[in-house]
Amino acid sequence: MPDVIAYGGDWNPEQWPEETWEQDVALMREAGVNRVSVGIFSWSLLEPAEGVFDFGWFDRVMDLLATNGIKANLATPTAAPPPWFGDAYPEALPVDADGRRLTHGSRQGFCPSSPIYREKALRIAEQLATRYRDHEALALWHVHNEYGCHNARCFCDTSAAAFRAWLRSHYASLDALNDAWGTAFWSQRYSDWAQILPPRATPTFPNPGQQLDFRRFSSDALIELYTAERDLLRKIAPGVPATTNLMAGAHWDMDCWAFAAEMDVVSTDHYLIGARAEPHIDLAFAADYARSLNGGRPWLLMEHSTSAVNWQPRNRAKAPGELRRNSLTHLARGADGIMYFQWRASRAGAEKWHSAMLPHAGTNTKIWREVTALGAELARLADVAGSTVSADVAILIDHSSVWAQDHPAQPSVDMDPVEEAKRWHAALWRAGVTCDLAHPEGDLTGYRLVLVPALYLVSDAGAANLARFVERGGVALVGPYSGIVDEYDRVRLGGYPGAWRDLLGVSVEEFFPLDGPIALASGASGTAWSEVAHAAGAKVLDTYATGEPAWTRNEWGDGFAHYLTTRLDDDGLAEVIAAVVAEAGVEPVAAAPAGVEVVRRSHADGRSYLFAVNHTGEDAVVIPPGGDPVTVAAGDVHVIYA
Ligand code: GLA
């Protein structure tokens, strides 16, 4: 990672006459831009016809960057095959679940399992890497762009064959697959591998095991495309790190844990969702996720927006100061690079209404003033680069569980595992407690408290991991409808949640989804969900009117395992989370009023930076532990050095 904070955005000079480029670079310098991502969508210009390459214009782009001391995240342009590709190889275009073959004309028009796509993608990547491997401007390979953003699952015959090959490598026999998928149900038993299809349109609910394995296969297919490019780039340019921009926290089609493990540095994109009441808390979730995916090391925010996006129903522009708060929050949560989509707002094309660092209206604008001010501020904050964020709390999250729960035949449509994880994260955010995200089978030894908001599916290894964590003195809080099925989406029998019945000291005999709120003895309120549960060793801390347990606590080894049998409303959840935070001995980062976000980054040598982000319209007083009170003005961000 750089010893400065990388600052910049996607630069797409090919959208503009060459006369503009010098001006672009001069303005980049004015804005403090030291890094741009180039070439992302340049395939049709770099290879205008199959096998015909034109790098002349791109040489000039790279040279201009080098001359101006700006580094490049050099992209392989493989996210957008040119029209000639779809024209020559229609069989390589993606097919949806209804059997519709899509056409070129937007981007990501390829089947992830297509051998011809892979061949052409590797060829352009090879050309690019061979040409620029020693270029002074090259800092990082930006492989592809947002894998699976639009074509995460392809249902064509090529994908079907690849799916069958994937299944054969995961199951010892067809019998094992039949057993895992429960194909005795609805007469789905396969007598030949060749009968197995992707879960294409079918009269009613598809087989859950088939659906889940197809999601796993599809994620693996994209990761394999990444590793194929990465390995080629490594061979041609050893020592140049590679990444691809994930959409951590926003898109759940790719297994981010598996993807991140293949990257030299994790990068991700994040966009505010205007319909959310507090989108900056969602931002914090995404940033915490990115940091956790990179093993706690500094990561790179590859894209966010200076103001509005163009793909939501109503694209709200950012308020004055919001850009700075957003960017500095990513920095506070461990990013060593703050980048945007894109440098100059497009004049034409599908994203012409998307904000950029340099807006249509030019430099006499709020956006430009904020962009240049932030560039100067990040230069002053260069010392932060390389420091890390530490957390005593982890939230468990797993894509397989999200995918399995995505199957349509569930007890209630109101149990959204991603939103629930975000809601629990938001409760910690409001309490000023920093948390990581962790894979259920990941290393939990450094944490005091582990939250399991919604982990419907957990493997045996994941189940044992949590029990071990508690046994060794940790505190866990498990949410309802967690630990229910095994890794094949088969119910764990004998009373729910089968994975953690002993750990929690509770046995559930039936789910009882709700239409409305339900009052608990404590005065708190449950929503959407309840369970008919029996304490089997656990102490009951709260109950329904029937006297049945709503919140329990079980002693297990040296620790405690709490369980909720309902989805508490926000206030009730905040209280339970405050209780387990206290029980685990976890402290907030600093004392701060509601709406003020506090996060600390530290170097191993003790230099540390307390970021205080005031999201409110009132001045606020923040009291760092053992420090003097600091006033953070309304909407301001303060970095307190220690
Ligand atoms: C994604 C893509 C960009 C652009 C932005 C728009 O992050 O990577 O190319 O489409 O979304 O928000």
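Visitor: What makes you put Cys-111 in a loop?

Guide: This is a predicted model, and in it Cys-111 sits between α4 (83–88) and α5 (115–132). Helices are DSSP runs of H or I, at least four residues, and Cys-111 is in the loop between those two.

Visitor: Why is Cys-111 called buried?

Guide: Buried means under 20% relative accessible area. Cys-111 has 0%, so it counts as buried.

Visitor: And where is Cys-154, and is it buried or exposed?

Guide: Cys-154 lies in the loop between β4 (138–142) and α6 (157–170). Its relative accessibility is 2%, against a cut-off of under 20%, so Cys-154 is buried.

Visitor: How do you know that Cys-111 touches Cys-154?

Guide: Contact means heavy atoms within 4.5 Å. On that basis the contacts of Cys-111 include Cys-154, Cys-156 and Ser-159. Ser-159 is also among the contacts of Cys-154, as are Pro-94 and Phe-214.

Visitor: Which cysteines does UniProt list under "binding site"?

Guide: The unreviewed UniProt entry places that feature at Cys-111, Cys-154 and Cys-156. They spread over 46 residues of sequence yet cluster in space, with a largest C-alpha distance of 7.9 Å.

Note on methods
Residues are numbered from 1 along each chain as its sequence is written. This is a predicted model: local features need pLDDT of at least 70, side-chain atom pairs count only at pLDDT 80 or more; totals for chains, interfaces and linings use all residues. Side-chain values use heavy atoms; hydrogens and water are left out. UniProt positions are given in the numbering used here, feature names are shortened, and annotations may be inferred rather than shown by experiment. Buried means under 20% relative accessible area, exposed over 50%, partly exposed in between (1.4 Å probe, protein chains only). Lists of a residue's contacts leave out its neighbours within four places in sequence.
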